[in-house]
Structure formats: C-alpha cells, structure tokens
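Please look through the sequence and the model shown here before reading on.

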Amino acid sequence: MLQRRSFRITAALGFALAAFTLGCDNNEYFPTQSAGGGGLGAGGSVGGGSSANFSFTDPVNDRVAGEAELGAPDIVQVSGSYDERALTLVLIFDAPVVPWSANQLNSLDGFIDFDLDENESTGIPAAADEFGGNAGIGAEMYLSLRDVGGTHMTLVHAGTKQFTGVPAVFEGKTVTIRIPRSDLADDVDGRFRMALVVGHPAHPATDFAPDEGYWSVAGR
Ligand SMILES: [Ca+2]
Ligand SMILES: [Ca+2]
Ligand SMILES: [Ca+2]
C-alpha cells in the first residue's frame, strides 16, 4: 500500500495558506518497511562552471501496461541543474500536463524519490517500487508531484517527517521545480540518486522514469 498518499493530501491542506515549513508526527502515513532488491545505475552528465547540468531521457509511449488512458502522463525527459543554491528539475512529458488541483484527466500525480546518501539501505523504498517498479534506492527525501495551490509541491523528509513547499511551474508539456539546496542537507557530497513515478487521477502509476533502477546526479 502506498502510505504516503494520505499524508500528501493532509500536507497540502496544512501549508496551502503560507506556512511552508511545518512538522508532522503522524507516523500512520509513512512507510516503515525496508528496501529490497538491487538497482541499475545510470550516469549523469556533469557540466563545468558554477553548476552541474544533467539530462536523462525516458522512452516515449512506454506507459505502464494497461494504463494508457486519455491524459495518462508519459515522461520523456528529466533535466536540470544542481549547484550550491538549488536543484532545478525540468520534467518533460509527451503531452501537456496540468496541476493535480485542476482535476483533469491529465492532472499530474506521482513522486520523485531522492537517495541523497546513495545508499539503498538507508531511507525508505522508492514510491516506484510500491507500484511494481524496481528503483532500488533508499530515499531520504521525496517530492510529491501533486501541487499545492497550483504553484508548489510538497518535499518531505522521510526520516523527520518535516515537509516544505517548493515552487513548481506548469507550462504545457513541461514542469519546472526548484528545490533550495538547504532542503537537501542530507546530501553532503553533491551527489544523489533519483527515481520517478508519475500518474493521474485514473491511475497512480502510468510511467516509471527510469524504467528500472535510478538516475545518478553529480552536482557540486
Ligand atoms: Ca516515458
Ligand atoms: Ca539512502
Ligand atoms: Ca519509463
């Protein structure tokens, strides 16, 4: 069972009015099982200068079998940059997506899991794994792709249950998310692993990215 989901709704209601850093001690909503299985790594491309850029691709039209309903999100690229100020993520889909709160067939659902210490044995299993995927990471933080007020998403620390709102901009097929580096304090060396699962109101998991394993990002 995906126990994060209930929390996500509660969290959205909690900080929609402006307080973007709150605590939550309701353990009921968090996974407690340990991760299992191995992961397949994939390299990121590291740019020079003051920031590290990365870009990964996911196949077009590779939606989870049987879940290709109208509006089902299909990720085709995840790119961005990572430096001392922020992690910027640009998600590109094969068709436009809109915020979850818009309540449309193409409203975006899902999670991005971050294994900040690159250690599968610490943190919680990726949401992708809970939906039948095989990311094989232990996430210290995760981002719920359901929007808050159309402008933010919820970043949750798996260990402390602290959550914060981070800005997210929806523009057609593209969603741009900016996570302040200070919210990724568990990443001590500028490197982390990530895995995505996206969905929509009809199905919580319509595409995994990558299909199996995780993507590795090397920032600074
Ligand atoms: Ca895809
Ligand atoms: Ca970990
Ligand atoms: Ca995929």
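Helices (H or I, at least four residues) and strands (E, at least two) are DSSP runs, numbered from the N terminus, and two strands are said to pair if DSSP finds at least two bridges between them. In those terms the protein has 2 helices and 14 strands. Residues are numbered from 1 along each chain as its sequence is written, while chains are lettered from A and ligands numbered from 1 in the order in which they are written. This is a predicted model, in which local features need pLDDT of at least 70 and side-chain atom pairs count only at pLDDT 80 or more, whereas totals for chains, interfaces and linings use all residues.

The pLDDT is the predictor's confidence in each residue, from 0 to 100; its mean over the protein is 83, and 77% of the residues reach 70 or more. Over residues 16-49 the pLDDT is below 50, although this stretch has 63 contacts in the model beyond near neighbours in sequence, a contact being two residues whose C-beta atoms, placed from the backbone, lie within 7 Å. Of the contacts in the protein with a separation of 6 or more, 64% are accounted for by residues 24 or more positions apart.

A residue is called buried if 20 or more other C-beta atoms lie within 10 Å of its own, exposed if 12 or fewer, and partly exposed in between, with C-beta atoms placed from the backbone. By this count 46% of the 220 residues of the protein are buried. Strand β9 (residues 152-157) has 5 of its 6 residues buried, so it is largely enclosed by the rest of the structure.

β9 and β10 form a hairpin with 5 residues between them, where Lys161 in the turn has a positive phi of about 70°.

Why does Ala72 count as buried? Ala72 has 23 C-beta neighbours inside 10 Å, and therefore counts as buried. Leaving aside neighbours within four places in sequence, Ala72 is in contact with Arg63, Glu67, His200, His203 and Thr206. Its C-alpha atom is separated by 7.2 Å from that of Leu105, 33 residues apart along the chain.

A nonpolar core is a set of buried Ala, Val, Leu, Ile, Met, Phe, Trp, Tyr and Cys residues joined through C-beta atoms within 7 Å. The largest such core has 54 residues, of which Met141, Tyr142, Met194 and Leu196 touch the most other members. Strand β12 (residues 191-200) supplies the largest share of this core, 6 residues. Not counting residues up to four places away in sequence, Met141 touches Phe114, Leu116, Leu155, Val156, His157, Ala158, Leu184 and Asp186.
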